[in-house]
Amino acid sequence: MSSPSTSTIAAIATAAGQGGVGVIRLSGKQLLPLAQQISGGKTPQPRRALHTDFVDAAGEAIDNGLLLYFPAPASFTGEDVIELHGHGGRVVLQMLLQRCFELGAQPAEPGEFTKRAFLNGKLDLAQAESVADLIDAASQSAARLAVRSLKGAFSQQIHELVDELITLRMLVEATLDFPEEDIDFLAEAKVDERLTALQERLARVLAQAEQGAILREGMNVVLVGAPNVGKSSLLNALAGEDVAIVTDIAGTTRDTVREQITLEGIPVHIIDTAGLRDTTDPVEQIGIERSRQAVQQADVALILIDLNEGLNEATCKILAQLPPGLKRIEIRNKIDLSGEAAESCGQSGQPSGADTLIKLSAKNGAGLDLLKQALLRQIGWQGESESLFLARSRHLRTLEAAQAELELAALCGRHQLELFAEHLRLAQNACNTITGEFNADDLLGVIFSRFCIGK
């Protein structure tokens, strides 16, 4: 693991733009002299706000506000930390930041404060990632789960898995080290039962992580269908406002229109496509190409069909262009014209390839709740619970790798103890990468580079 840098770093910690209060954060070693210089000779007391002028090299006031001093190791980063709380104007904050640079600080890289907290043992890697997740949370549910991860709910699950793996490895290694003993360590310790219980526990953690990843990353939904089947009307109905132009003229939507809604705390990114058809219009061609890209990146396709027309030739051509593995919901729109009731039912083996059919009216909103529930079912959402925590795709891949190693260990059994022990070791290493106890430096660089500056 890399060692934290010894340089002092500084950055504006509040969002860009104007505001009532602006905060500059510094972290490094022995920052009390710097605090005295920037406050005009005053000595701040640890963890007590000092009301002072922030002065330049000539002693002239740059701003007036509060200085907070957190000496190491009782700080966010584990180093000395200073926070300067001044007025939130862009110019004055830049002047104050420049003064920090004059006193020896270096500009902080994205995520460098949190990275130092991780490297100094103040947070593990899963907790550090949850800091960024809390900042980026798109719903109250996501924010709640991010706080749980920040407080260590996810890390605790991983540590318990690792402890059980270590115990299991110890028993196997003891058998390998003392093969001449008459005692069967593995039978006495019920290693087979322990391995089965460990696999079951890992499966539960993975299931919780999958739900947390759904809440964090949401889903991408594309609206596809022939012209004038009501794609834009449905987008407006889901969004609750007129975000797309609706007319009776075919080809009104010439580019993708994007809108985000929230379903039970899950962010849903809905894209109204410009159609998937051939055209000689160069502007429309650009929109159609963007539509094809959106379809390739989608999790679910809503296939709109005019209830009165049925599955026509234009829709069949669109279906032929959809990726084979894309989840699909068939929507029969315009029940307001046919007089039918809103309905949701299974539809396996139908030409559209959808396993759910919903009859609704994008115009008057009948059946929208059925569609929203169908979307949640498509991604496997089971509802928020106290046992969930926010997770990332990286965590899922790692837990799946650990699960695969335990399956291989079970296959080896007692007749191939060396391989059994090796697969347990690899499973432990995989789990450790989640909390950062075993990580490559390049992985840390990728993770923290996605943080905002000042965090």
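Residues are numbered from 1 along each chain as its sequence is written, and side-chain values use heavy atoms, with hydrogens and water left out. Because the model is predicted, local features need pLDDT of at least 70 and side-chain atom pairs count only at pLDDT 80 or more, whereas totals for chains, interfaces and linings use all residues.

The chain contains 16 helices and 13 strands; these elements are DSSP runs numbered from the N terminus, with helices being H or I of at least four residues and strands being E of at least two. Of the 455 residues in the chain, 49% are buried, where buried means under 20% relative accessible area, exposed over 50%, and partly exposed in between, for a 1.4 Å probe and protein chains only. Contact is taken as heavy atoms within 4.5 Å. Among contacts between residues at least 6 apart in sequence, 67% join residues at least 24 apart. No disulfides are found in a search of the whole structure, a disulfide being a pair of cysteine sulfur atoms within 2.5 Å. Cysteine 100 is buried, with a relative accessible area of 0%, and cysteine 431 is buried with a value of 2%.

A cavity is a set of points where a 1.4 Å probe fits but cannot get out, and a pocket is an open set with protein on both sides within 12 Å along at least five of seven lines; lining residues have an atom within 4 Å of a point. Grid points are joined across faces, edges and corners, and a volume is the space filled by probe spheres set on the points. One cavity of 30 Å³ or more is counted, and the largest cavity has a volume of about 30 Å³. The lining of the largest cavity consists of Leu161, Leu165, Leu198, Leu202, Ala402, Leu406, Ala427 and Cys431. Two or more of these residues are given by each of helix H6 (153-177), helix H8 (191-217), helix H14 (393-412) and helix H15 (417-435). By class, the lining comprises eight nonpolar, no polar and no charged residues; Ala, Val, Leu, Ile, Met, Phe, Trp, Tyr, Cys and Pro count as nonpolar, Asp, Glu, Lys and Arg as charged, and the others, Gly among them, as polar. Helix H6 also holds glutamate 160, which is partly exposed at a relative accessible area of 27%. Glutamate 160 lies 41 residues from arginine 201 in sequence and 9.7 Å from arginine 201 in space, C-alpha to C-alpha.

The second largest pocket has a volume of about 230 Å³. Its lining includes Glu210, Asp299, Lys327, Ile379 and Ser393. Elements that give two or more residues to this lining are H8 and H14, and H8 provides the largest share, four residues. The lining of the second largest pocket divides into five nonpolar, two polar and four charged residues.

Asparagine 228 is located in the loop between strand S7 (219-225) and helix H9 (231-239), and counts as partly exposed at 37% relative accessibility. Serine 232 belongs to helix H9 and is buried, at 10%.

Helix H9 is largely enclosed by the rest of the structure, because seven of its nine residues are buried. These are Lys231, Ser232, Leu234, Leu235, Asn236, Leu238 and Ala239. Their cover includes S7, strand S8 (257-263), strand S9 (266-272), strand S10 (300-306), strand S11 (327-333) and helix H13 (368-378). Just after H9, glycine 240 adopts a positive phi of about 80°.

Within H13, the buried residues are Leu368, Leu371, Ala374, Leu375, Leu376 and Gln378. Glycine 380 follows H13 and has a positive phi, near 80°. Serine 361 is situated in the loop between strand S13 (356-359) and H13, and is buried, with a relative accessible area of 0%. Neighbours within four places in sequence aside, serine 361 is in contact with Asn333, Lys334, Ile335, Asp336 and Ala366.
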